[in-house]
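User: Please examine the structure shown below and answer a series of questions about its architecture and its surface.

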Amino acid sequence: MSDLVPPAPGHTLTVDQLNEHRGALNTAMGITLTEASPQRCVAGMPVEGNTQPYGILHGGASVVLAETLGSTGAALHAATLGKIAVGLEISASHHRAARSGIVTGTATSVSLGGTVATYEVVITDEQDRRLCTSRVTCILRDAPPGD
């Protein structure tokens with residue numbers, strides 16, 4: 001999972017608990033979850049501090065946000081099955097630039113299976129314009145012994 005502490009198999013975590021243990025990368029980028037379930041995860045991220053040399057939101061920052069959301073949803077789904085989620089694939093299409101404000105990513109489940117979870121992630125600006133569309137796929141595996 002992308003820096004967020006995954007729930008133990010069979011357990012769930014609240015949004016506050018997920019944010020409290022979001023990890024160094026998500027903290028540095030200012031990613032904050034506002035909604036988290038296996039079906040839908042939402043988070044905001046500031047453009048400031050996440051730009052490339054032209055002063056626009058870095059495409060890699062959008063990918064980090066998408067990975068965080070898809071992996072969080074997949075981990076929450078996996079926990080209901082007594083499994084863990086591991087990233088398998090991510091793709092992203094960048095549609096327009098953002099220079100300021102907060103962007104919002106919304107991950108919606110496409111498929112929640114017993115071995116694979118796939119999400120579509122849409123990242124929008126404060127005017128609700130689509131900046132990026134991403135697809136995140138995670139494989140669901142048995143938890144290591146002792147977890």
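Analyst: Helices and strands are taken here as DSSP runs, a helix having at least four residues and a strand at least two, and they are numbered from the N terminus. The model under discussion is predicted.

User: Which residue follows α3, and what is its phi?
Analyst: Helix α3 covers residues 59-80. The residue that follows α3 has a positive phi. That residue is G82, with a phi near 75°.

User: What distance does helix α3 reach from its first C-alpha to its last?
Analyst: The helix has 22 residues, and at 1.5 Å a residue a reach of 32 Å is expected. The computed reach is close to that expectation, at 32 Å.

User: How many residues of α3 are buried?
Analyst: A residue counts as buried under 20% relative accessible area. By that criterion α3 is largely enclosed by the rest of the structure, because the buried residues among its 22 number 17.

User: In what order do the elements of the protein run from the N terminus on?
Analyst: The protein contains three helices and six strands. Read from the N terminus on, their order is α-α-β-β-α-β-β-β-β.

User: What is the radius of gyration of the protein?
Analyst: The C-alpha trace spans about 45 × 25 × 25 Å along its principal axes. For 147 residues the globule rule gives 15 Å, and the protein is close to this value, so it is as compact as a globular protein of that length. Its radius of gyration is 15 Å.

User: What percentage of the residues of the protein count as buried?
Analyst: The count is taken over the 147 residues of the protein. The share that falls under the 20% cut-off for relative accessible area is 42%.

User: How many disulfides does the structure hold?
Analyst: A disulfide requires two cysteine sulfur atoms within 2.5 Å. The sulfur of C41, a residue buried at 0% relative accessibility, has its closest cysteine sulfur in C138, 11 Å away and too far for a bond. C132, which is buried at 1% relative accessibility, is in no disulfide either, as its nearest cysteine sulfur, that of C138, is 16 Å away. The number of disulfides in the structure is zero.

Terms used: Residues are numbered from 1 along each chain as its sequence is written. This is a predicted model: local features need pLDDT of at least 70, side-chain atom pairs count only at pLDDT 80 or more; totals for chains, interfaces and linings use all residues. Side-chain values use heavy atoms; hydrogens and water are left out. Buried means under 20% relative accessible area, exposed over 50%, partly exposed in between (1.4 Å probe, protein chains only). The expected span of a helix is 1.5 Å times one less than its number of residues. The radius of gyration is taken over C-alpha atoms; the globule rule is 2.2 Å times the number of residues to the power 0.38.
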